[in-house]
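Please look over the two-chain model shown here. The report covers helix packing, domains, strands and the chain interface.

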Amino acid sequence: MSAALTVRGLVAGYDRSVVIDGLDLEVADGATAVVIGPNGHGKTTLLRAVSGLIKPFRGEVELGGERIDGMAAEAIAKKGVVHVMQGDGLFVEMTVEENLLMGAFPGGSWRGRRAALKRVYSELPAVEERKGHKARTLSGGERRLVGLGRGMMRQGRLLLIDEPSLGLAPVAIEAVYAVIRRLRSEASSAIVLIEENFTHVGGVADVVHILEAGRIVRSGPFAELAADRTVVETYLGSIAEAPS
Amino acid sequence: MAALSEPAPAAPAAPAAVLEARGITKLYGGLRAVDGVSFAVAPGEVLGIAGPNGAGKTTLFDTITGHTFASGGDILLAGEPIRGTKIHHRCRLGLARTFQHPVAADTLTVLENAYLAASFRRGRTGRRSRSDDVAAGQAALARVGLEDRATVPAALLPVYDRKRLMIATALATDPLVLLLDEPFGGLSLGEIDATMALIGQIRDAGVAIVCIEHVMRALVALADRVLVMHHGAELFAGTPAEMLKDRRVIDVYLGAGGSGAA
C-alpha cells in the first residue's frame, strides 16, 4: 500500500514557539493511526499543520506522495484532507443541516450530498433530531457531533479527527466510536485520530503513536503498547480499572 | 495529593444550603430547555450534574449565574433571591463559574486575568485598591499552581493551564458557590487526578461546588450527590453509587460500557 500521509521532519508552532519539533509519521492508505499524548505536547498542532490551518516552519507533508506543506488550507481540503477540529467551528446562524452541507462543498462532493446526509443521519440520530435548529442553540456536545457529521459529508483521502470523545456523554462516546469503527472498516479514507488517553481507542487503532514534546516517541499496535509496563504506567493509567 | 487522602470531616448535621434552585424552567420558544429542576448545595459539598448532550445542563448553569434569565422558578444564594439580577451582582454575592471551553482574556497576562477577576470579588469595598486586587489574584494563581506563569499572555497557555486559569479567576472572586462546567474535559489522566485534588481542596475550604461532568471516574469520586438531567428535567437524583446502578441512567446516559470507571 502507498502512504496516504507522510510527514518528515515537521517543525511547527505559533509565532516563535516551536510545538512540533522534528516529527516523522506515515499512515498507509485506509489505515487508522491513533496519536496519544499529554496536553500541550503538540497533538492538535500536528493536525493543524497537516491540514494547513498553520504553516509548518520546516519539514515535509505529503498526501499520497504529493507535497502539500505550505499550501493554503482550502487547497489542501480540495485535495482530500478532511479535518474535524476540536473547536467545532460551526456556522452558528446556520441550521445543523446547512452546516452539514458545508462539509460537502470542497473537492466535487456536492453531487453526493443527499446520500451523504442520509448516511450521517442514520449514523448519528441525535444530529438528525436537531437538523432544523440553528447551530447556536445546540449544546457543546451536540456541536461536536455535528462537527463529526460534517467531516463525514465527503469522501476524503485522509480524515483528521481531534479528540472525538471530548465533551460527550458516555453513551454518545460509544456511539461516536462505533461510527469511527465503521469508517475504519470501510478503509476508504486513512484516519488520524487524536486522544488524550487510551480509554476508548482499543478497537480502533491499526497503529498507536505516542507524541511527547513535539515528537513521536513510541509507535506500535495497541496490544503491544498495552503490554509495555512503562507505557502503561505513563499513559494507560486508567485501563486496568476500565470495564471494557 | 493530601486533600484527597484525608477523609473529609464528618458533618455534624445537615448544613444549610448556600445555593438553592427551586423549579427552574427555561423556555426557548416551545422548547423546555430546563424543565422544573430543583437542587440545593451546602458549603463543603459537591453536587454532580450529568446527563446526555443537549439535556440542558449548561443552560441550567446559565440561569443560575444570570448568563440567561430563567423563565420560571426561584434561585436563592445565601438566602437571598437572585433570579432576575445581573451577573456581576451574583458574582459579588459569592457565585462563580467556569466554562466548557477554556475562556480567558487572551491579550492579558495570566496575572492580569486573575486580578481583573479579583476586582469583582465578594465583599470588596467601593474604594479601589489595585494592590489588594493583585494580591488576591496572586493568591488564586498559587492555589491552582500557576504562579510561575504570571507574566505569560493567556493566549499562549496550553489547555490544562487555561482550565486552571479559569478556576483561578473564579477563586479570585472569593466564591461561596463554584459552578464547574466540565472541568475534566480534554485533560490527560494525570491532569484529571491533579484537578480532582484541586477541587477537593476547594471543597474542603468550605466552598459549595456544583460540577457538570462526563468523566465518570472523576464525578463518582468527587460528588456527594448527583443530579442526572434528561430533556431538561430531572431523571435521577441520588448518590453516585446509586446512579451507576440506575437502569434509566444506564439506558440514556452511561451506556453498556459506562459503569463509571472510565
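In this predicted model, helices α4(B) and α5(B) cross in the right-handed sense. Helix α4 spans residues 110-118 of chain B, and helix α5 spans residues 130-144 of chain B. The angle between them is about 115°, and their axes lie 7 Å apart. On the α4(B) side, the contact uses Val110(B), Leu111(B), Ala114(B), Tyr115(B), Ala117(B) and Ala118(B). From α5(B) come Asp133(B), Val134(B), Ala136(B), Gly137(B), Gln138(B), Ala140(B) and Leu141(B). By class, this contact holds ten nonpolar residues, two polar and one charged.

Now the domains. Chain B is assigned a domain 1 (1-8 + 16-94 + 176-195 + 206-262) and a domain 2 (102-174). Their C-alpha centres are 24 Å apart. Ten residues of domain 1 of chain B and seven residues of domain 2 of chain B form the contact. Helix α3 (residues 87-93) of chain B supplies four residues, the largest share of the domain 1 side. That domain 1 side has five nonpolar, three polar and two charged residues.

Next, strand β8 of chain B. The strand covers residues 208-212, and five of its five residues are buried. Ala208(B), Val210(B) and Ile212(B) lie on one side, Ile209(B) and Cys211(B) on the other, so that both faces are covered under the cut-off of 20 or more other C-beta atoms within 10 Å. Two strands pair with β8(B), as tabulated here.

| Strand of chain B | Sense of pairing with β8(B) | Bridges | One residue pair |
|---|---|---|---|
| β7 (residues 177-181) | parallel | five bridges | Val177(B) with Ala208(B) |

Chain A has its own covered element. Which residues of α1(A) are buried? They are Lys43(A), Thr44(A), Thr45(A), Leu46(A), Leu47(A), Arg48(A), Ala49(A), Val50(A) and Ser51(A). That is nine of nine residues in helix α1 (residues 43-51) of chain A. Charged residues, Lys43(A) and Arg48(A), are among them. Just after α1(A) comes Gly52(A), with a positive phi of about 90°.

Last, the interface between the chains. Here 29 residues of chain A are in contact with 28 residues of chain B. On the chain A side, the elements giving two or more residues are α6 (140-151) and α7 (170-186) of chain A. This side of chain A counts twelve nonpolar, twelve polar and five charged residues.

Terms used. Residues numbered from 1 in each chain as written. Chains lettered and ligands numbered in written order. Predicted model: local features only at pLDDT ≥ 70, side-chain atom pairs only at ≥ 80, totals over all residues. Buried ≥ 20, exposed ≤ 12 C-beta atoms within 10 Å, placed from the backbone. Axes fitted to C-alpha atoms, helices over the stretch in contact; angles between N-to-C directions. Left-handed = near helix turned anticlockwise from the far one by under 90°. Contact = placed C-beta atoms within 7 Å. Domains from an automatic or database assignment. Pairing = 2+ DSSP bridges.
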